[in-house]
Amino acid sequence: NMIRFLVASRLRVPVRLYAKMAYSAADPSTCALDAFRSSIAQRVSAALSPLTVDQVYSGVDYGKKGVDFTIALPRFKMGKPDDLAAKVLAQFQPDEYIESVTHDKAFLHFQCTSTTLIRDILTQVHTLTHLSPTPCYGSNASGKGKKVLIEYSSPNIAKSFHVGHLRSTIIGAFLANLYKSCGWDVVSLNYLGDWGTQFGLILAGYEKYGSEEELQKDAIQHLLSIYVQVNKDAETDPEVKVEAARWFKRMEDGDEAALKNWRVWRELSVKKYAEEYERLNVAFDEYTGESQVGQEWQDKALARLEEMSLIEEDNGARKVNLEQWKMGKPVLRKRDGTSIYLTRDIGAAIERYEKYKFDKMIYVIASQQDLHVAQFFKIIDLMQFPWAKTLEHVNYGLVQGMSTRRGTVVFLDQIIREAGQVMHEQMQKNEEKYAAVEDPETVSREIGITGVKIQDMAAKRINNYTFNWDRMKSFEGDTGPYLQYAHVRLSSMSRKNPELLPLPHPSQIDVSSLAASSHAREIVFLLGSYPDVVKVAMKTYEPSGVVTFLFRLSHAISSAWEVLAVKGEPDLEKARARLWMYECARDVLGSGMRLLSIRPLDRM
Ligand code: ARG
């Protein structure tokens, strides 16, 4: 391997060709930086036997400030760092991958050879974006052959689609994109709250308050208003609740008369949601819901827990005692025999396994429901399903203060509309620029949605945050509009410099001018780290890591504009190399935005 590696690196064969000799974690065919890390690992392992290349490789970290890669020597537990460093330094010969090594206390710092770094990374970005069947720079095949079910959004029909559902939608869409880019077969599910006593209430109120016309106009809105009115009635008239329970019981028993209206409501609501999800650039493979869960497994769950003596009667209702796991005693079946949220979740999970035989199933649900999710995972586990361990709960904190100028937001379409309007007004403030925008409605809506999404994903999921329209619409600072602007500006480069097009084949572009620029080096190194950003996101499930990366990249680019100008650069070789770099930067910025479910704009 060592010999093959040396031969390969001397001959400067394309990174793809020696992908096979790499260590478990290294794959230069998808991450050019892996070749540089491999080179470091080879050298250090050769100098410090019996350390294996693999052992060293996993200790090659990104360096801080101006350092490409760093190794913390104490991690090898092989004696004094000074002695180890001396050995590595004594044997060191610069080559095309690594140009220098320095020793600083417990650390070894390595610098990559700039020309190779720039050529290899830009070539890889270009090749995997433009010369492969589908753009795939940043992707990897770690999930090949595996299937994941991701359940997210899951609003309640006839109740409001609140910002909590919006967060689930945004985070879930990100996870679905992320898993796809790691080679997984992804099935995305929307588990609608389309069953339960609230429908009994609406059925009870429909005769009094229902209107066919209103329903056709906006089903979601109409059903919510009925729901609100009936609830008010129920405050003064206890009969309402009784009647509602009767209606729901009829639904559970499959009474066609009760189900007829419900079916229409569901269909109209799904149609409306699907349109709104489209605007958000979010899609589901399946709209399922609590109503779709069969009785069989709910009964079996109860029987199994009964066998384990965990079931207790309480005034006709049946509860499961999960106190030994500090999870309380949730009700599993009501006194009238109707099911509840928890039982339906249990049944649904089992049915999904039967149907999809997933390798993993992820639920994106607010942290307010942590206990509920823990209870239902526990019950699946107690039922001894081997796949119980593959269930994952991705939780998130509250959003505060998201209301429109007219009042509290309860509907998704209000949020989308408000975001577009706020953005539109903002853009109109700059008359000259505004006049140049071709389709201000669409552009402002897209930027508005970007603003909402970026604000949502900017911090760790678990944090609560307060939504701020002023921040959302700002083109300055780390905001959605700023990112879109950065992408638009990069996209305009080739439009503004047609005389440089088409760019020559990557092998014909002279990158030496870029190698000499610290600005270019910084940008390109960031581009090279994008495949790692994706891998880290797979571990943390934090979109914020991707957001941070995109801002670092945008900042690096904006500080390069003047120093590395394309327009007006008399040396055409230089101008082409710069244009190529900006195009690669556009590709990576765009991929990262798409990963976050954002549609990057080419013009504004
Ligand atoms: N519809 C529920 C709600 O709005 C969220 C459903 C979450 N998913 C689940 N499998 N329990 O609170």
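**Helices, core and ligand shell**

Mentor: Helix 11 (residues 256-279) has 24 residues and covers 35 Å from its first C-alpha to its last, close to the 34 Å expected at 1.5 Å a residue. The expected span is 1.5 Å times one less than the number of residues. Helices (H or I, at least four residues) and strands (E, at least two) are DSSP runs, numbered from the N terminus.

Trainee: What kind of model is this, and how are residues numbered?
Mentor: This is a predicted model, in which local features need pLDDT of at least 70 and side-chain atom pairs count only at pLDDT 80 or more, while totals for chains, interfaces and linings use all residues. Residues are numbered from 1 along each chain as its sequence is written.

Trainee: Which residues of helix 11 are buried?
Mentor: They are Trp262, Trp265, Arg266, Ser269 and Tyr273. A residue is buried if 20 or more other C-beta atoms lie within 10 Å of its own, exposed if 12 or fewer, and partly exposed in between, with C-beta atoms placed from the backbone.

Trainee: What covers them?
Mentor: The cover includes helix 7 (197-209), helix 9 (219-236) and helix 10 (239-252). After helix 11 comes Asn281, with a positive phi near 65°.

Trainee: Stepping back, how many helices and strands does the protein have?
Mentor: There are 23 helices and 16 strands. The C-alpha trace spans about 85 × 65 × 40 Å along its principal axes, and buried residues make up 42% of the 604 residues.

Trainee: Which domains are assigned?
Mentor: The assignment gives domain 1 (2-112), domain 2 (147-397) and domain 3 (403-595); such bounds come from an automatic or database domain assignment. The centres of domain 1 and domain 2, taken over C-alpha atoms, are separated by 52 Å.

Trainee: Now the largest nonpolar core: which residues have the most contacts inside it?
Mentor: They are Ile150, Leu175, Ile202, Leu223, Leu527, Met581 and Ala585, in a core of 161 residues. Helix 23 (residues 572-595) supplies the largest share of this core, 12 residues. A nonpolar core is a set of buried Ala, Val, Leu, Ile, Met, Phe, Trp, Tyr and Cys residues joined through C-beta atoms within 7 Å.

Trainee: What does Leu175 touch?
Mentor: Not counting residues up to four places away in sequence, Leu175 touches Ile150, Ile362, Val364, Val394 and Tyr541. Contact requires C-beta atoms, placed from the backbone, within 7 Å.

Trainee: Why is Glu392 classed as partly exposed?
Mentor: Glu392 is partly exposed because 16 other C-beta atoms lie within 10 Å. Glu392 is found in strand 12 (residues 391-394), and its contacts, leaving aside neighbours within four places in sequence, are Lys360 and Ile362.

Trainee: Finally, which residues are around the ligand?
Mentor: They are Glu151, Ser154, Pro155, Asn156, Tyr191, Gly193, Asp345, Tyr363 and Ile365, where a residue is near a molecule if its C-beta atom, placed from the backbone, lies within 6 Å of it. This shell divides into four nonpolar, three polar and two charged residues. Here Ala, Val, Leu, Ile, Met, Phe, Trp, Tyr, Cys and Pro count as nonpolar, Asp, Glu, Lys and Arg as charged, and the others, Gly among them, as polar.

Key. Contact = placed C-beta atoms within 7 Å.
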